[in-house]
Amino acid sequence: MGPLHRFGCSARLLVELAVGSGCRAGELAGLRVRCLDTAGRLLLVEETRQEISGKITVGTPKSKAGYRTVDDLDPDLCRRLAAHVAGLAPDDFVFGVGGTPYRQRDFNERVWRPLVAHLGLPGVRFHDLRHYNASAMLLTNGDVQYVSRRLGHSRPSITLDVYGHVLAHQSRNVSAAFAELRSEARRQVAAVTPTPTRPPAASTAGAVVDLASYRRRKTG
């Protein structure tokens, strides 16, 4: 039995943490229990794991800025993460089995792609959850420097180059704009009834639908 046997209960946590933290897939694959502070609602990005040609490779963040603290995680998510890692050793991976991290390719094939296909959102990537997080943070916070540090960008200008279009919403009530995105997501998710073999999609799928809806409005 491989690392995927834990995804029955942790696939949703993985997706929700990607939405809430803006971390890259490799950063979440490299997340160890000792780097997750559920009481302080934060995590430390110190190492990465990537699957290349079927082999798991050990890596480090892309730049000095990539070594970072991601704070202000959702309290409810942190409570569920605390239960998930209870009994694990400090060097165990949060998403994996002991000292073996989950395999991103298997996760994409067996969990992520079936999920987005079931939701009618083929082509939405796991990495798009990072884009969603950045866009949501800019809409509701507006502090480019803070968002840049949280994402691990070496310069705020990188954040602006990628997500500057989001700041066009600053001319509106940003809380109302974000509420509109969430409301539309909930309406779409309410129309979807996941099969029992698929991972729960209530709040995590909402994040994916939010991003797709936002893109349609921007390009429409």
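Is valine 70 buried or exposed, and what is its relative accessible area?

## Valine 70

In this predicted model, valine 70 has a relative accessible area of 0%. Valine 70 is therefore buried, because buried means under 20% relative accessible area. The residue belongs to strand β5, which covers residues 68-70.

Leaving aside residues up to four places away in sequence, valine 70 touches Ser21, Cys23, Arg41, Leu42, Leu43, Val45 and Arg150. Leucine 151 is 81 residues from valine 70 along the chain, yet the C-alpha atoms of these two residues are separated by 8.0 Å.

## Glutamate 27

Glutamate 27 is part of helix α2, which covers residues 25-29. With a relative accessibility of 6%, glutamate 27 falls under the 20% cut-off and so counts as buried.

What does the side chain of glutamate 27 make a polar contact with? The partner is the side chain of arginine 24, at 2.7 Å. When residues up to four places away in sequence are not counted, glutamate 27 touches Val45, Glu47, Thr48 and Arg68.

## Helix α3

Helix α3 covers residues 75-85, and its residues Leu77, Cys78, Leu81, His84 and Val85 are buried. Seen down the axis of α3, the buried residues fall within an arc of 115°, so they line one face of the helix. An α-helix has 3.6 residues a turn, so residues three or four places apart point the same way. The exposed residues Arg79 and Ala83 are carried by the face of α3 turned away from its buried side.

The N-terminal end of α3 is capped by aspartate 74, which has a side-chain oxygen 3.2 Å from the backbone nitrogen of aspartate 76. After α3 comes glycine 87, with a positive phi near 90°.

## The second largest pocket

The second largest pocket has a volume of about 260 Å³. Two elements give two or more residues to its lining: β3 (48-52) and α4 (104-118). Which element gives the most to this lining? That element is α4, with eight residues.

In total, 16 residues line the second largest pocket, and those nearest its centre are Gln104, Arg105, Asn108, Arg113 and Phe126. Sorted by class, the lining has seven nonpolar, four polar and five charged residues.

Key. Residues numbered from 1 in each chain as written. Predicted model: local features only at pLDDT ≥ 70, side-chain atom pairs only at ≥ 80, totals over all residues. Heavy atoms only, no water. Helix = DSSP H or I, 4+ residues; strand = E, 2+ residues; numbered from the N terminus. Buried < 20%, exposed > 50% of the residue type's maximum accessible area, 1.4 Å probe, protein only. Contact = heavy atoms within 4.5 Å. Polar contact = N/O pair within 3.5 Å; in protein donor to acceptor, adjacent residues only side chain to side chain. 1 Å grid on protein atoms, 1.4 Å probe; cavity = no way out; pocket = protein on both sides within 12 Å on 5 of 7 lines; lining within 4 Å. Points joined across faces, edges and corners; volume = space filled by probe spheres on them. Nonpolar A, V, L, I, M, F, W, Y, C, P; charged D, E, K, R; others polar. Arc of directions from axis to C-beta.
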